[in-house]
Amino acid sequence: MIFNRSTAPVLPVVMMLVLLAGCWSAPRATVQPKGPPRLIQERVVVDSIAWPATVQSVDPGARAIVLQTAGDVAARKYRVSRRVAGLDHITAWQRVYAVVREELTVSVSEDSRLSADRGAPPPFVSSAKVLSVDRSYRLLTLEYPTGQSETLKVGREVRLEQMQAGDDVRIQPLEVIAIKARKPWWR
Amino acid sequence: MRAAATLLVLLGVGLGPGIASSQISGEQTQQLHNSIGNRIEALTILGGDFGLSGGSLKSTGSAMFRPKEYTDTQLDVTKIGGAGDIGDPQPLGNSGIGWQPRVQGNMGYLESTNHIHGAPLEGDTSTFRDFAIQFGGGARFWLNEGLSVAPTIMGMYGHTSDRYSAVSAFALSNLPRLTRLGLVDWQVQTWALRPALNVQYLITWDRLIVTLSSDATYFHIQSFQASNRGVQVNGDSGSWSNKIDFDIPLRVRLDGHELRTGGYFSRTELFGDLKSGLNVQHIDEVHGRLVLDFLNQLWKVQWIGIGGSYLWGTNIRGWTLGADVAFRF
């Protein structure tokens, strides 16, 4: 006898689990966000890990560097912070670990496309979409056109409560605040 | 604890002046060995399983056969371990169910000192020491955004030893015989299988995270090496734990990290040899923590801080204080 008095209380739980199965869906960045097209927030400054990144070019005198990361379609050009030492030892085509500061603009556009009134993005400005938002731990996960995703810790001033999956993100490279030939063990 | 006291009281019954032959019968020896086996099982689980909290615990209770006697047991349990789900949930085909691998592990050391009160063993102490290590895993299946179930299986190794310190004249005169019978001063190695099912429901409200979880766990423990043939372990135990956990951001930053607080209340029902070996029917625990958020700032670390618990239940109470570190893989 499979079902008896002792197993009877378990049945509603099992039935509930069966009924609930099939309701889960993976977060998708390709959904059309709710609400009209609008600018949600600009000048959201975040620190991002670029690893592994390939140095495309470096100009120690001008303190400028162009990095190509595996998750990005195009290379990004950064200025290098004055606090970063040893820039002379960085060479083109070297694989590096870098902490870069970037500025995000988050918006909702029509048909999940960037608004035409902004025109074509300037050189080295890349785009992504919001994949998920964790308000409690202040995490913003972006998905790049290559399909790769990146999770960023954002400050308290960022209006995460207004952001959702599918929002457009324009990424303006600002500066490299740390660069190493090797990835530190703690990251 | 009472089970340990039972052993000693039985020793008193079997070997005390009240017994004309001063001999312990085969039946009594078997009963003692069963009692020891249950105790080993219970302490191996308490010392080595990540599902039960460690800390400094004190157990008191009257002895089973001599109500005027009582036991006074100090348990010190140190553990390092935990459980974690790896990565983000991935779709399970087109089933509408998400899944992610789960790993669990723990290493623990337990010392249980039983101070015996009551003639003829007054002043004697019996100390159990247990080292246990467990590892295993499974998968978490997400049925919707909040509800998930995680079936897991773990293996566990345990080493338990007993050291009897005789002070009473009675014990001093009988110690060699008790040792020969495998009733004191033994050591045993055990293995265990631990299937379990966790059901979890996540609720987020503003930035507050509430986690409701229920864990049903089964243990089968067997000995595979012992210093004395009489010391054998082969039994089944279980526990059912229900917990509510709060994770609250405090909007205060310290050195670039947000301060968070929280804690949980849990109630764990014990079954089988775990229940009889500890003589504890259930353990309640209230836990508080104050931590710094390191998520996405330090490799795989969710938070680092301090935490403390107070535990209480039938015949047992205790506390624990220590580092509170959570990882997110």
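1. Of the 329 residues in chain B, 41% are buried. Among the chain B contacts between residues at least 6 apart in sequence, 66% join residues that are at least 24 apart.

2. The largest nonpolar core holds 34 residues, and those touching the most other members are A42(B), L43(B), I45(B), L46(B), L274(B) and L278(B). Several elements of chain B give two or more residues to this core, including α2 (26–48), β5 (125–142), β6 (147–165) and α4 (272–278), and α2(B) gives the most, with seven residues. Beyond its neighbours within four places in sequence, L43(B) is in contact with L110(B), S112(B), F128(B), D130(B) and T160(B).

3. A second, separate core has 18 residues, among them A29(A), I40(A), V108(A) and V154(A).

4. Between the chains, 16 residues of chain A are in contact with 23 residues of chain B. On the chain A side, α1 and β7 (149–153) are the elements that give two or more residues, and the residues of that side divide into nine nonpolar, four polar and three charged.

5. Chain A has a mean pLDDT of 83, with 80% of its residues at 70 or more. Within chain A, confidence is highest in strand β6 (residues 139–143), at a mean of 94, and lowest in helix α1 (residues 10–20), at 68. Where pLDDT is low, the predicted coordinates should not be read in detail.

How values were computed:
Residues numbered from 1 in each chain as written. Chains lettered and ligands numbered in written order. Predicted model: local features only at pLDDT ≥ 70, side-chain atom pairs only at ≥ 80, totals over all residues. Buried ≥ 20, exposed ≤ 12 C-beta atoms within 10 Å, placed from the backbone. Contact = placed C-beta atoms within 7 Å. pLDDT = per-residue confidence, 0-100. Helix = DSSP H or I, 4+ residues; strand = E, 2+ residues; numbered from the N terminus. Nonpolar A, V, L, I, M, F, W, Y, C, P; charged D, E, K, R; others polar. Core = buried A, V, L, I, M, F, W, Y, C linked by C-beta atoms within 7 Å.
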